[in-house]
Amino acid sequence: MTSLSSHDTTGNPTLHQIRLQVVSICAKLRSRMTLDTLRPLPQFMGISANLWLSPGAFSAPSTHIMDRSTIEKVKNRVNLNVAFFLTNYVLLAIGVGLVVALSHPRMLIAIGFVLSLWSVNTFLVEKKVELIIKGKDVLEIISPFHRWCFLMAVSIAVGISYCLFPLVSWFVISGFMILVHATLRDPKHIESSDSFRVKGGSDEAEESEQHLITKSKLMEGSTVTRRHDVV
């Protein structure tokens, strides 16, 4: 098993690079996902003190759909809101995933069945259990490699049959909700917030966040100037 894993790492540089990239992204997300970056629900939903939706909480990024700078404004607003509400968005995606999973009990049963098969196989390999039938050890005839291939085939079949549609549904629903919120939530709440600076965050992240705020202000300023020129 050791030689196999080392061969995978050295023989597939592309796979190794993908693993490093995934680890790097997960480390960045883990550094940003803290209780300090968890925004209160009223601030996330744009609810005022009297429990009503604030009039300026949600607005279109630009009133001119055909404007060349519209795409840039939408991109800046989405990046700014994702940086500010990152923990809230992750919790939202987790909540959607739980709802989708609970609405597909067959998927949960199938996943539990596959996990139990893998657990039994791991137990047999670690404990070196012998299953003697007519003087022959069946577990030697059906080697760990053959069992691994069989379990992989079962896992892929279960994943395609029971998990593919719920997974796509979770990705589409959560992605749509996050994108709509990040596009329509007015970033003025970020400029006036003292909690935008993440405690223990890197200087690089703070500089990028400050750059996004400055860029957003410049884009808003250019829009106001154009309106005055039209008038």
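Author: Buried means under 20% relative accessible area, exposed over 50%, and partly exposed in between (1.4 Å probe, protein chains only). This is a predicted model: local features need pLDDT of at least 70, side-chain atom pairs count only at pLDDT 80 or more, and totals for chains, interfaces and linings use all residues. Residues are numbered from 1 along each chain as its sequence is written, and side-chain values use heavy atoms, leaving out hydrogens and water.

Reader: What share of the residues of the chain counts as buried?

Author: The chain has 231 residues. The share of them that counts as buried is 27%.

Reader: How many helices and strands does the chain have, and in what order do they run?

Author: Helices (H or I, at least four residues) and strands (E, at least two) are DSSP runs, numbered from the N terminus. There are 10 helices and two strands. Read from the N terminus, the order is α-α-α-α-α-α-β-β-α-α-α-α.

Reader: Which share of the contacts joins residues at least 24 apart?

Author: Contact means heavy atoms within 4.5 Å. Take contacts between residues at least 6 apart in sequence. The share joining residues at least 24 apart is 73%.

Reader: How do α5 and α8 cross, and at what angle?

Author: Helix α5 spans residues 86–102 and helix α8 spans residues 144–184. Their crossing is right-handed (the near helix is turned clockwise from the far one by less than a right angle). The axes come within 9 Å. They cross at roughly 145°.

Reader: Which residues of α5 and α8 meet, and how many are charged?

Author: From α5 come Tyr89, Leu92, Ala93, Val96, Gly97 and Val100. From α8 come Pro166, Trp170, Ile173, Ser174, Met177, Ile178, His181 and Ala182. By class, the contact has 11 nonpolar and three polar residues. The number of charged residues is none.

Reader: Which residues form the largest nonpolar core?

Author: A nonpolar core is a set of buried Ala, Val, Leu, Ile, Met, Phe, Trp, Tyr and Cys residues joined through side-chain atoms within 4.5 Å. The largest has seven residues. Helices α4 and α8 each supply at least two residues of this core. The members are Phe44, Val78, Phe84, Phe85, Tyr89, Ile178 and Ala182.

Reader: Beyond four places in sequence, what is Phe44 in contact with?

Author: Phe44 belongs to the largest nonpolar core. Leaving aside neighbours within four places, its contacts are Phe58, Phe85, Asn88, Tyr89, His181 and Arg185.

Reader: Is Asn81 buried or exposed, and which backbone oxygen lies 3.0 Å from its side chain?

Author: Asn81 lies in helix α4, residues 70–84. Its relative accessibility is 0%, so Asn81 counts as buried. A polar atom of its side chain lies 3.0 Å from the backbone oxygen of Arg185.

Reader: Why does Thr87 count as buried, and what is Thr87 in contact with?

Author: Thr87 lies in helix α5. Thr87 counts as buried because its relative accessibility is 9%. Neighbours within four places aside, its contacts are Arg32, Met33, Thr34, Thr37 and Leu38.

Reader: Where is Pro40, and how far in space is Pro40 from Asn88?

Author: Pro40 sits in the loop between α2 (13–32) and α3 (41–45). Its relative accessibility is 47%, so Pro40 counts as partly exposed. Pro40 and Asn88 are 48 residues apart in sequence. C-alpha to C-alpha, they are apart by 8.8 Å.

Reader: What separates the C-alpha atoms of Tyr162 and Ile109?

Author: Tyr162 is in helix α8 and is partly exposed, because its relative accessible area is 40%. Neighbours within four places aside, Tyr162 is in contact with Arg106, Met107 and Ala110. Ile109 is 53 residues from Tyr162 along the chain. Their C-alpha atoms are separated by 9.6 Å.

Reader: Is Lys136 buried or exposed, and what is Lys136 in contact with?

Author: Lys136 is in strand β2, residues 136–137. Its relative accessibility is 54%, so Lys136 counts as exposed. Leaving aside neighbours within four places in sequence, its contacts are Leu131 and Ile141.

Notes. Axes fitted to C-alpha atoms, helices over the stretch in contact; angles between N-to-C directions. Nonpolar A, V, L, I, M, F, W, Y, C, P; charged D, E, K, R; others polar. Polar contact = N/O pair within 3.5 Å; in protein donor to acceptor, adjacent residues only side chain to side chain.
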